[in-house]
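Work through the exercises below with the model open beside the text. Each task is followed by a solution in steps.

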Amino acid sequence: MTEPSGGRTHRDGVRAVVPLAVAVVGFGVSFGVLARAAGMGSVAPIVMSLATFAGSAQFAAASILGSGGTVVASITAAVLLNARYGPIGVSVAPSLSGGWWSRFLHAQLTVDESWAISAEGDGRFNPKVLLGAGVTLYAAWVTGTVLGVAFGDVIGDPSTWGLDAAFPALFLALLVPQLRDRRAVGATAVGAAIAIVLTPFTPAGVPIIAASLACLLGLGKRDETPPEEAGR
Amino acid sequence: MNATWTVVVVVSVVTIAIKGLGPMLLGGRPLPPRMSAVVALLAPALLAALVAVNTLGGDRELVVDARLPGVLAAAVAIKLKAPVLIVVIVAALVTAGVRALTG
């Protein structure tokens, strides 16, 4: 179903991300509920979802404010969680060929899920899939936030429905086709190991950025290309 | 500006900048070969970290809970070449089921 091909369109991006969009609406509702409970009012959470579009960072910021944390602590946690979009943006950059405003738009619609779905598996990303998936997820996130702020706890906790497991399952499904050579397998193993080892010792967000360092395995290893790849 | 709006504005502006920086500066032209070899490994490294943190991550601790059987079931579905939609649904159903039984 996700056969890598250059021919995927916006619609493929929308279609691929619909099941995740359902989960994202659920978490948008949770964010709306949590943000209201944290004393953020009803307008600020919606503005935050419109302008930030990064679920985990918004959850962190709201929960720290709600538990009496400082503004600085709240901002720091959110920025750390979003720092992964630095390396993610760098990975997408060569695949974006439009003008600066088009690149800016694609960049803003890049979240974990739209980024992962748009990967072609060879290091390139499909901008149309990124845009289609990104717009769908954005609509889902903002809609969920509005529903959560408006209707509070009428809708239950999305983890009751197992929706929190949908995200790692998606990332795993999109990781497997990337394991094409030894270096990719190595980067996967090292990235996961870094993330797991750092999780107990560092603030949330740090393990994921640190894991991106595993990409340095790509340096100076050209001559160790496995035999089956040598013909390229 | 009160605390809430300070957080909303600062986090939004910083996030927009972080997301936009790479594509604005590097976009539209191919990277040098050595750098593209590094960038090509960003996807597997970050995806692996996202799988690990979303499966086992807690509040500054590793947690084994109902997410793990869900993700393991997803791995089996992937091995059986199930479509992504099915993989995601299997994970959610197994996690919801385990949670209902143990909760």
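**Exercise 1: Domains**

Chain A splits into domain 1 (10–160) and domain 2 (179–224), with bounds from an automatic or database domain assignment. The model is predicted: local features need pLDDT of at least 70 and side-chain atom pairs count only at pLDDT 80 or more, while totals for chains, interfaces and linings use all residues. Residues are numbered from 1 along each chain as its sequence is written, and chains are lettered from A and ligands numbered from 1 in the order in which they are written.

Task: state how far apart the C-alpha centres of domain 1 and domain 2 of chain A lie, and how many residues of each are in contact.

Solution. Step 1: the two C-alpha centres are 24 Å apart. Step 2: eight residues of domain 1 of chain A touch eight residues of domain 2 of chain A, a contact being two C-beta atoms, placed from the backbone, within 7 Å. Step 3: on the domain 1 side, α4(A) gives the most, with three residues. Step 4: chain B has domain 1 (1–29) and domain 2 (30–102), and their C-alpha centres lie 27 Å apart.

**Exercise 2: Fold and dimensions of chain A**

Task: find how many helices and strands chain A has, and compare the radius of gyration of chain A with that of a compact globule.

Solution. Step 1: chain A has eleven helices and zero strands; these are DSSP runs numbered from the N terminus, helices being H or I of at least four residues and strands E of at least two. Step 2: the globule rule is 2.2 Å times the number of residues to the power 0.38, and the radius is taken over C-alpha atoms. For 232 residues the rule gives a value near 17 Å, and chain A agrees with 19 Å. Step 3: along the principal axes, the C-alpha atoms fill a box of roughly 60 × 40 × 35 Å. Step 4: 71% of the chain A contacts with a separation of 6 or more join residues 24 or more positions apart.

**Exercise 3: A helix pair between chains**

Task: describe how α4(A) and α1(B) are oriented to each other.

Solution. Step 1: the axes of α4 (residues 71–82) of chain A and α1 (residues 3–26) of chain B come within 10 Å and cross at roughly 25 degrees. Axes are lines fitted to C-alpha atoms over the stretch in contact, with angles from 0 to 180 degrees between N-to-C directions. Step 2: angles under 35 degrees count as roughly parallel, so α4(A) and α1(B) are roughly parallel. Step 3: residues making the contact include A:V71, A:I75 and A:V79 of α4(A) and B:V7, B:V11 and B:I18 of α1(B).

How values were computed: Angles under 35 degrees count as roughly parallel, over 145 as roughly antiparallel, 65 to 115 as roughly perpendicular and the rest as oblique.
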